[in-house]
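Please look at the chain below with its aromatic side chains in mind, and then follow the explanation from ring to ring and on to the strands.

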Amino acid sequence: MKLASLKQGRDGRLALVSRDLGRAVLAKAAETLQAALDDWAAVAPQLTAEAEALEQGRAAGSFTFDESACAAPLPRAYQWADGSAYVNHVKLVRQARGAELPESFWEDPLMYQGGSDSFLGPHDAIEVADEAWGIDLEAEIAVVTDDVPMGVTRQQAVDHIKLLMLVNDVSLRNLIPGELAKGFGFFQAKPSTAFSPLALTPDELGAAWNEGRVELPLLSRINGKVLGRPQAGEDMTFDFPTLVAHAAKSRPLAAGSVIGSGTVSNRDPEGGPGTPVDEGGRGYSCLAEVRMVEKIRNGEIKTPFLAFGDSVRIEMLDAEGRSLFGAIDQEVRRYAGP
């Protein structure tokens, strides 16, 4: 089933959405997505029945679905932990700031704990005070869990993945080096994260949900031009169950925990860092990779980071070209202050 949270109060109003994204109906089994996740075993069958009624045209009170009316599926969450499952991306961004890639990164996932109290809706603006901070998109996939016990194995973690979403994990690249130099991780360099209009149960992806990976391209555009369409199932060193188990190694995860894949990134067929779309490649999911590839290939960086007025669009299409999660479609704006 496909779930959305319409903008209402702090936690939204849970709705079910038809597979063609044309119609929606307010959920009866739970007011909010967090409430549904808190008692998922009991609530999910009721939501599934409501989704089937909508699909069959039997849902009373259904209405035209409007992505712009959506908050993030979880407007705020108890946990947002973002991994770096695509080690090609990690290698490139570390290379950009002159840092070596430890061999352990191929064996042990990298993960940071982000702010989860102010997620952005899919069409909310990216508000930043200063362009000089180096505004960048990061197109990703995330899973949402139910309650995960501490110390679960990878195999046990599979059953705790209940939903999937798309992500724009906005980064302020020029703030990152100074923060990491302090030896304590990101904070100011990671503003509010945006999520797709819809959260999907894994069965909605059919065969594309394969052993904890999503075997489909993730499409990113800047100002209408395709930036990248890397295959999300390829070059994913750590699958989602592995990331969930990693996050739960020393603590339980509360229902509604969001675990991100990190920026989706592919190498080229020869093992290089990837090729631009206009050269026949799959392109990139962030501008940091574009800039690093320019430096590797030409010795200089030409592509700027995002500017005020730029637009970013992130979505995933099925084999027939239909949008699965709806689109993250945002404009970059100057923050006017409190």
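Which residues form one aromatic cluster with Trp 80? Trp 80, Phe 119 and Phe 195 form that cluster. The model is a predicted one, in which local features need pLDDT of at least 70 and side-chain atom pairs count only at pLDDT 80 or more, while totals for chains, interfaces and linings use all residues. Residues are numbered from 1 along each chain as its sequence is written, and side-chain values use heavy atoms, with hydrogens and water left out.

A pair of aromatic rings is described by the distance of the centres and the angle of the planes. Rings of Phe, Tyr and Trp (for Trp, its six-membered ring) pair if their centres lie within 6.5 Å, and planes under 30 degrees apart count as stacked, over 60 as edge-to-face and the rest as tilted. By this rule the count comes to five aromatic pairs. One of them joins Trp 80 and Phe 119 edge-to-face, with 6.3 Å from centre to centre and 90 degrees between the planes. This pair links distant parts of the chain, since Trp 80 is in strand E5 (residues 79–83) and Phe 119, 39 residues apart from it, is in the loop between strand E6 (111–113) and strand E7 (126–128); helices (H or I, at least four residues) and strands (E, at least two) are DSSP runs, numbered from the N terminus. Both Trp 80 and Phe 119 are buried, where buried means under 20% relative accessible area, exposed over 50%, and partly exposed in between (1.4 Å probe, protein chains only).

Tyr 112 and Phe 186 also form an edge-to-face pair, at 5.2 Å centre to centre and 80 degrees between the planes. Here too distant parts of the chain are linked, Tyr 112 lying in strand E6 and Phe 186 in the loop between helix H5 (176–181) and strand E12 (194–195), 74 residues apart. Tyr 112 is buried because its relative accessible area is 16%, whereas Phe 186 counts as partly exposed because its value is 28%. Lys 190 lies over the face of Phe 186, at 5.4 Å from the ring centre; a charge sits over a ring if NZ of Lys or CZ of Arg is within 6 Å of the ring centre and within 35 degrees of the ring normal.

Turning to the strands, E7 pairs with strand E20 (residues 328–334) in the parallel sense over three bridges, and two strands pair if DSSP finds at least two bridges between them. Within this pairing, Ile 126 has Val 332 in E20 as its bridge partner. Strand E19 (residues 311–315) pairs with E20 in the antiparallel sense over four bridges, and Ser 311 stands opposite Glu 331 in E20.
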